[in-house]
Amino acid sequence: MPERMLQFVSLPQQPPDKRPVAERRRDFSEIYRRFEAGEAAHQASRCSQCGVPFCSVHCPLGNDIPDWLKLTAEGRLEEAYELAAATNNFPEICGRICPQDRLCEGNCVIEKGYESVTIGAVERFITDNAFEQGWIKPRRPRRERGISVGIVGSGPAGIAAAEELRAQGYSVVVYERQDRPGGLMIYGIPNFKLEKEVVQRRIALLEEQGVRFRLNFEVGRDLSLAELRRRHGAVLLATGVYKPRELAAPGSGLDAIVPALEYLVAANRVGLGDSVPDFDSGVLDACGKRVVVIGGGDTAMDCVRTAVRQGARSVSCLYRRDRANMPGSAREVANAIDEGVEFIWLSTPKAFLGTESVGAVQGVRMRLGLTDSSGRQSVEPADAPPFRLPADLVIKALGFDPEDLHQGLADPDIALTRWGTLRVNHRTLMTNLPGVFAAGDIVRGASLVVWAIRDGRDAAAGIHAYLEAETASVAVAAE
Ligand code: FAD
Ligand code: SF4
Ligand code: SF4
């Protein structure tokens, strides 16, 4: 029975259930259960079908949300999937890990008190269901163009571009320095937010489509960018940002103070069945330890929640602003609190205490000051005595910067911004080197999967336009 729309007045918001805290603290499986078809239809029917849908305006992909909500409410699920897939290469991934409270759902105009439509959960349902029904097929090209494109990096920016370009008939090779494709979706984001099978299902589809992956292949080390340009008609750089920001406090060189990504990569590898010596030796295992995480973004939230699941004795998070000013998704902060993480807001480490290994963090209290030019309140030390927090493992989650790209790509000519990211023409996403494009975090700085997908799609369009305009094509045989 098709659902009527505009049901938000009588039908309350009902997000998918979360697994009980006691259960999810013990494993790394996703915490949200999936909607059943009836639930998805009900929740989709709450949409008021806005003429100017602010949800779509604030979705980086401009998804046609009201239309696929209506199709879901009417039970026309194959059409709903086709519409969702028309603007998004990986809707089931965005449905799981977009910070919807800051994007689509945070801008849903349903009046306050009635709560937004659960857009992300419906998007996830539509696509997971389409996989189960066998509606999702590799997008094989109608004809081969005989031109190849080399993509460096297999994160969401690289593989979204790969899918688009392959569908257009280009021969696509993705170079990846890791042993598995997927970028931060495999080695950064924990399984309890995004199960690895969900990403691997997409990679398998790309392989079936004809995209080729060269793993354990680092551009700059195994091949220079100049050589890569000779092999391919165009090159896309989608290498992400990986240099951790450092903490300049006395004692920060002590053992057992580790960068967030090192800790998360180890945890993800263990989950994938790899042997990780630093985990097996206990260095990167939080089990039985008093863990202190420093930072307030999504990476910090992933660290605290991973430590809980590894069986840490206690997990605390030090953040220099307050809860309202945390950069991480409000939903993930709430999940961390539910799972037993203690937040010490308005505090920052002043020193790390210990002889060889860290034994405690000496913290100072902060307070919010005047609003700066970016519109954010500044922070300054408060007039309060320092405090001491016992710690056996400290995880630094202060954000990421780009690595040295001139050195990393073995190309001194590529133009960088003053932040060290790649400089591109924002219309075409081409760098200063003809035929070399860039997308994702390496252009914007650390951002989101949904923005990386958007950039990957835009870069694919830029590359297609560039190659169409080029008269000389590079033969596939020259690879
Ligand atoms: P990446 O995903 O970083 O992929 C880049 C790839 O390039 C990597 O596989 C890397 O190995 C490879 N590479 C680099 N240099 C070379 C080279 N020279 N040769 C060959 N290969 C190379 N975003 C969300 O939307 N929601 C979340 O919940 C979320 N959680 C996050 C949690 C953590 C811990 C982190 C670190 C990030 C999170 N993000 C999240 C951000 C998101 O993961 C990134 O914005 C996104 O993955 C960027 O995509 P990308 O394709 O630009 O780069
Ligand atoms: Fe919302 Fe992300 Fe889906 Fe866009 S892609 S509709 S922002 S969940
Ligand atoms: Fe529907 Fe909310 Fe989007 Fe309006 S803003 S179209 S009510 S989901």
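In this predicted model, Lys193 is in contact with Glu30, Arg96, Ile97, Asp302, Arg305 and Glu332, its neighbours within four places in sequence being left aside. Lys193 itself belongs to the loop that links α9 (184-187) to α10 (196-209). Although a lysine, the residue counts as buried, because its relative accessibility is 14%, under the 20% limit used here. Among the contacts of Lys193, the one with Asp302 includes a polar contact between the two side chains, at 2.9 Å.

A nitrogen atom of ligand 1 lies 3.1 Å from a backbone N or O atom of Arg177, and a nitrogen atom of ligand 1 lies 2.9 Å from a backbone N or O atom of Val219. On the oxygen side, a polar backbone atom of Asp441 is 2.9 Å from an oxygen atom of ligand 1.

Turning to ligand 2, its surroundings consist of 13 residues, with Cys59, Cys98, Gln100, Cys104 and Glu123 the closest. By residue class, the shell of ligand 2 holds nine nonpolar residues, three polar ones and one charged one.

Five strands form an open sheet with parallel pairing, in the order β6-β14-β7-β8-β9. At its edges stand β6 (257-259) and β9 (342-344); each has a single partner strand, so one side of each lacks a neighbour in the sheet. From one strand to the next, the twist averages 25°. Within the sheet, β7 (residues 290-294) and β8 (residues 314-318) pair in the parallel sense through five bridges, and Val293 sits opposite Cys317 of β8.

Helices lie across these strands. Helix α12 (residues 260-271) lies across β6 and β14 (393-396), and its direction makes an angle of about 80° with β6. Helix α14 (residues 298-309) lies across β7, β8, β9 and β14, running at about 170° to β8.

Note on methods
Residues numbered from 1 in each chain as written. Chains lettered and ligands numbered in written order. Predicted model: local features only at pLDDT ≥ 70, side-chain atom pairs only at ≥ 80, totals over all residues. Heavy atoms only, no water. Near = heavy atom within 4 Å. Nonpolar A, V, L, I, M, F, W, Y, C, P; charged D, E, K, R; others polar. Helix = DSSP H or I, 4+ residues; strand = E, 2+ residues; numbered from the N terminus. Buried < 20%, exposed > 50% of the residue type's maximum accessible area, 1.4 Å probe, protein only. Polar contact = N/O pair within 3.5 Å; in protein donor to acceptor, adjacent residues only side chain to side chain. Contact = heavy atoms within 4.5 Å. Pairing = 2+ DSSP bridges. Axes fitted to C-alpha atoms, helices over the stretch in contact; angles between N-to-C directions.
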